[in-house]
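Please view the sequence and structure shown here before reading on.

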Amino acid sequence: MDSGRFVAILYPDADAFHLRVCCDFMNWIFILDDRMEHGVVDVQETRESCIFALRDPTNFDTEQLGAKMCKSFFSRFRETAGPGCTARFIHASELFFAAVAKQVDDRAKGNMYGLQSYIALRRDVVAVKLCFAIIEFAAGIDLPDEVMSHPVVKALEDATNDHVAWTDDILSYNKEQSRGDEHWENVVAVLMHDRGLDLQGAMNYAGQMCKDAIRCFEFNRAILPSWGEEVDRQVAIYVEGLQNWMIGSLNWHFDSARYFGKHGHAVKRDRIVKLLPKRPL
């Protein structure tokens with residue numbers, strides 16, 4: 001994947017130092033997620049070593065690949081990140097690892113999700129909450145806890161998270177159904193199972209979920225309270241960062257080869273995807 005281009009789209013105002021850290025973070029999260037998801041590494045061991053690396057990137061020593069990558073980018077992250085931003089990143093990481101562990105366990109046991117349980121899990125598995133802390137880091141801001149815990153700000157984050165997750169699920173469905181992973185990784189398959197929909201009906205439903213997320217975002221953006229001139233300036237930067245994630249991640253998927261190979265622009269234009277054959281187990 002072209003992580004450099006991806007983070008440049010997501011964090012367009014970051015300077016060279018912060019952009020490099022963002023890029024190294026993105027490589028870490030994509031590689032780690034794939035390795036845990038496909039059983040290349042033990043989820044619990046990876047979780048423990050990475051959390052140790054996040055809490056003490058200077059003194060913690062490890063030979064575990066994921067933790068070494070984590071130690072590398074997070075030691076540089078902490079050079080400029082504020083305490084609130086740092087704590088939020090570590091907390092979001094803990095939620096991510098716990099959610100991945102549950103997803104891997106559910107797949108092994110054949111546990112199926114209802115829509116609401118999938119939504120709750122996906123908001124952490126998608127790892128976008130970590131990226132919200134990166135917005136603060138890249139912009140050189142550290143928002144007060146009273147701002148970040150406000151219900152309107154939380155609603156903006158949830159709407160962004162949902163839009164990123166559902167667009168990713170729509171675009172990745174073809175790849176995941178060909179692997180047979182879709183029931184544990186994709187809202188389209190969950191909707192087919194939970195709501196009794198056919199494939200196109202589930203796609204339409206997921207598309208409406210994306211529209212609902214945008215409407216929720218716009219509603220809450222319009223009712224943001226004021227915390228004073230300087231904090232409001234920083235909040236505006238943060239909200240713009242959330243918007244960059246919503247539109248940037250969507251467009252990047254069509255530009256990259258991750259889901260559609262060389263056909264991303266044709267899929268974006270025609271909105272037609274030819275299903276891949278199921279891979280033999």
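## Helix packing and cysteines

Helices H1 and H2 lie oblique to each other, a term for angles that are not under 35 degrees (roughly parallel), over 145 (roughly antiparallel) or 65 to 115 (roughly perpendicular). The model is predicted: local features need pLDDT of at least 70 and side-chain atom pairs count only at pLDDT 80 or more, while totals for chains, interfaces and linings use all residues. Residues are numbered from 1 along each chain as its sequence is written, and side-chain values use heavy atoms, leaving out hydrogens and water.

H1 spans residues 3-10 and H2 residues 16-37; they pack at an angle of about 120 degrees, with axes 9 Å apart. Here helices are DSSP runs (H or I) of at least four residues, numbered from the N terminus. Axes are lines fitted to C-alpha atoms over the stretch in contact, and angles run from 0 to 180 degrees between N-to-C directions.

Contact (heavy atoms within 4.5 Å) brings Ser3, Gly4, Phe6, Val7, Ala8 and Leu10 of H1 against Leu19, Cys22, Cys23, Met26, Asn27 and Phe30 of H2. The residues of this contact comprise nine nonpolar, three polar and no charged; Gly counts as polar, and Cys as nonpolar.

A disulfide requires two cysteine sulfur atoms within 2.5 Å, and the count is zero.

Notes:
Helix = DSSP H or I, 4+ residues; strand = E, 2+ residues; numbered from the N terminus.
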